[in-house]
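This report describes selected features of a predicted model.

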Amino acid sequence: MERVSNSMCFGGSQGVYTHHSSATGTPMTFQVFIPEHRTTEALPVLWYLSGLTCTHANAMEKGHYQRACAEHGVALIGPDTSPRGDIVPDDEAYDFGKGAGFYVDATQEPWKANYRMRSYVERELPELVADAFPMLDLSRQGITGHSMGGHGALTVSLRNPGRFRSTSAFAPIVSPIHVPWGEKALGGYLGEDRAAWREYDACALIEDGARLPDLLVDQGRADQFLEDQLKTHLLEEACREADIPHEIRLHEGYDHSYFFISTFIADHVAWHAERLKA
């Protein structure tokens, strides 16, 4: 692992790191914010998964989470959204290929050799982080994300019961099986067997018995993708039928952008911190 950059921020350090990934077969880049802390202090960890077209840098530069993380003593880690490099197959569309890994392990050619973001996020990167940052306490983890990354946060948490003490999302794709983004991505990466898609669909996972201790979701009512791609009401219905405690907040006037995320990120950090420090 190599450090690409490091900047002091609200008393802590905002770093960017790169390493070769055995999961994707490519170099991967991720960012870590470490708040100021005592040398004997172990810090809880919040994972942030980004959305379509993003890299590790979007949330780092536009999310404005650093002040809240410094205030609450929470470290934040943000990986990239897909493998990168000349050897990696791509697609001309923004919603498939590079920048659109959908946090799946692809099974179809030519994607399956590199598009293994599920393995990277669930297994490889946490192991690397645990070795490289001994001040982090991975027994106290939360996870959040935006849009495609909200889909990733929900499904990663639902598939790994007990790993995350807290789960939240911003404008998540809640049921990829039922929206154009998801049908394109899951069909392309996983093939035509829709039964194989269910482990990458939050609502389907809940229907199949997966549970969360509670959930926080923020969604803008002026989001241009709300009706066709996000379908937030499906998650609310699934949580209600499964008796999952949930708070799904709809905000008038807010869209899908980082202006929306940065408005409510401090609420999410505080919400996670309460559960991570309990």
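## Salt bridges

A network of salt bridges links Arg118, Glu122, Arg159 and Glu199. Over the whole structure, a search finds 16 salt bridges. Side chains of opposite charge can pair when their charged atoms come close.

Arginine 249 takes part in a salt bridge with aspartate 218, in which the closest N and O atoms are 2.7 Å apart. Because arginine 249 belongs to strand E9 (residues 246–251) and aspartate 218 to strand E8 (residues 215–220), this pair ties together parts that are 31 residues apart in sequence. Arginine 249 also forms a salt bridge with aspartate 267, with 3.3 Å between the closest N and O atoms. Here the partner lies in helix H9 while arginine 249 lies in strand E9, so the parts tied together are 18 residues apart in sequence.

Glutamate 207 is exposed, its relative accessible area being 55%, whereas arginine 198 is partly exposed at 28%.

## Nonpolar cores

The largest nonpolar core has 70 residues, of which Phe30, Ile77, Phe102, Leu136 and Tyr189 touch the most other members. Helix H9 (residues 258–276) supplies the largest share of this core, seven residues. A second, separate core consists of 18 residues, among them Leu205, Val217, Leu235 and Ile248. In soluble globular proteins, nonpolar side chains tend to be buried together.

Apart from neighbours within four places in sequence, leucine 136 is in contact with Ile34, Leu43, Val45, Ala75, Ile77 and Val129.

Serine 147 is located in the loop between strand E6 (136–145) and helix H4 (148–159). Its relative accessible area is 2%, so serine 147 counts as buried, the cut-off being under 20%. When neighbours within four places in sequence are set aside, the contacts of serine 147 are Gly51, Phe170, Ala171, Pro172, Ile173, Trp181 and His256.

## The hairpin of E1 and E2

Strands E1 (residues 2–9) and E2 (residues 12–20) pair in the antiparallel sense over seven bridges. Cysteine 9 has glycine 12 in E2 as its bridge partner. The hairpin has two residues between the strands, and phenylalanine 10 adopts a positive phi near 50° there.

Technical notes: Residues numbered from 1 in each chain as written. Predicted model: local features only at pLDDT ≥ 70, side-chain atom pairs only at ≥ 80, totals over all residues. Heavy atoms only, no water. Helix = DSSP H or I, 4+ residues; strand = E, 2+ residues; numbered from the N terminus. Buried < 20%, exposed > 50% of the residue type's maximum accessible area, 1.4 Å probe, protein only. Contact = heavy atoms within 4.5 Å. Pairing = 2+ DSSP bridges. Core = buried A, V, L, I, M, F, W, Y, C linked by side-chain atoms within 4.5 Å. Salt bridge = Lys/Arg side-chain N within 4 Å of Asp/Glu carboxyl O.
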